[in-house]
Amino acid sequence: MTAFALGLGVSLAATAGAVAQTKIQVGCTATTDCASAMVAVDEGIFKKHGLDVEMTPIAINSNIPAAILSNSIQIGGPTSTVFLQAADGGLDLVAIAGATVMNPTSNTAITAFVRNGITIKEPKDFVGKKVGAPGLNAFLHVLFVNGWSRRASTPRASTSSK
């Protein structure tokens, strides 16, 4: 849970020396990925290291690179697909740490919600169905366009709300 907070603190420790409190806005979508940073803010971990961190909600994770470049936030938590596409497109972004890790235990708790009358039991049942995604080229969009539609077995990727 502290991986994100530790990565953020370590990466910014050098800048905190000359300033008593370095102001940093961290942008995150409404997911558990930023929970460790939120806990670090609440527990005063950042302040202890000279960082004044404020969590800034971002509605769609594909907006995070633009928010970083406009300096609305200084650190963001986009999905890896959004980050890699932004960097590949020429944006000068740097990854500092991973916020969460999927593991076999938590993979069994992941689900997709479907409307009444639709039965989805395995990935191939999504073929031919319309699936909503929170942003173009975000994780779920890439997963459904390039992942499940071409596989008959369960992918190793998350199907959570991010």
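# Helices, sheet and cores of a predicted model

Analyst: In α5, the buried residues are T81, V82 and A86. This is a predicted model.

User: What covers the buried residues of α5?

Analyst: The cover includes α4 and α7. From the other direction, α5 (80–88) is among the elements that cover the buried residues of α7.

User: Which residues of α7 are buried?

Analyst: Helix α7 spans residues 139–146, and its buried residues are F139, L140, L143 and F144. Seen down the axis, they fall within an arc of 115°, so they line one face of α7.

User: Back to α5. What follows it?

Analyst: G90 follows α5, and its phi is positive, near 105°.

User: Give me the overall layout. How many helices and strands?

Analyst: Seven helices and three strands. Starting at the N terminus, the order of elements is α-β-α-α-β-α-β-α-α-α.

User: What share of the residues is buried?

Analyst: Of the 162 residues in the protein, 32% are buried.

User: How many bridges join β1 to β2?

Analyst: Seven, with β1 covering residues 22–28 and the two strands running parallel. As one of the pairs, T22 has L51 in β2 as its bridge partner.

User: Which residues make up the largest nonpolar core?

Analyst: Nine residues: I24, V26, C28, C34, A40, F46, L51, V53 and I75. Both β1 and β2 supply at least two residues of this core, and the largest share, three residues, comes from β1.

User: What about a second core, which residues does it include?

Analyst: A separate core of five residues includes F126, F139, L143 and F144. Of these, F139, L143 and F144 are also among the buried residues of α7.

User: Left-handed or right-handed?

Analyst: The torsion about the S-S bond of C28 and C34 is about -75°, so the disulfide is left-handed.

User: Are those two cysteines buried or exposed?

Analyst: C28 and C34 are both buried.

User: Buried or exposed?

Analyst: N61 is buried; its relative accessible area is 5%, against a cut-off of under 20% for that term.

User: What does its side chain reach?

Analyst: The side chain of N61 reaches the backbone nitrogen of T79, at 3.0 Å.

User: And which residues does N61 touch?

Analyst: Setting aside residues up to four places away in sequence, N61 touches T29, P78, T79, V82 and A138. One of these, V82, is among the buried residues of α5.

User: Last one, L69. Which helix is that in?

Analyst: L69 lies in α4. This residue is partly exposed, with a relative accessible area of 47%.

User: What is L69 in contact with?

Analyst: L69 is in contact with L91 and L93, leaving aside neighbours within four places in sequence.

User: How far apart are the C-alpha atoms of L69 and D92?

Analyst: They are separated by 8.5 Å, while L69 and D92 are 23 residues apart along the chain.

Key. Residues are numbered from 1 along each chain as its sequence is written. This is a predicted model: local features need pLDDT of at least 70, side-chain atom pairs count only at pLDDT 80 or more; totals for chains, interfaces and linings use all residues. Side-chain values use heavy atoms; hydrogens and water are left out. Two strands pair if DSSP finds at least two bridges between them. Helices (H or I, at least four residues) and strands (E, at least two) are DSSP runs, numbered from the N terminus. A disulfide is a pair of cysteine sulfur atoms within 2.5 Å. Buried means under 20% relative accessible area, exposed over 50%, partly exposed in between (1.4 Å probe, protein chains only). A polar contact is a pair of N or O atoms within 3.5 Å; within protein, one must be able to donate a hydrogen and the other to accept it, and residues adjacent in sequence count only if both atoms are side-chain atoms. Contact means heavy atoms within 4.5 Å. A nonpolar core is a set of buried Ala, Val, Leu, Ile, Met, Phe, Trp, Tyr and Cys residues joined through side-chain atoms within 4.5 Å. The arc is that of the directions from the helix axis to the C-beta atoms.
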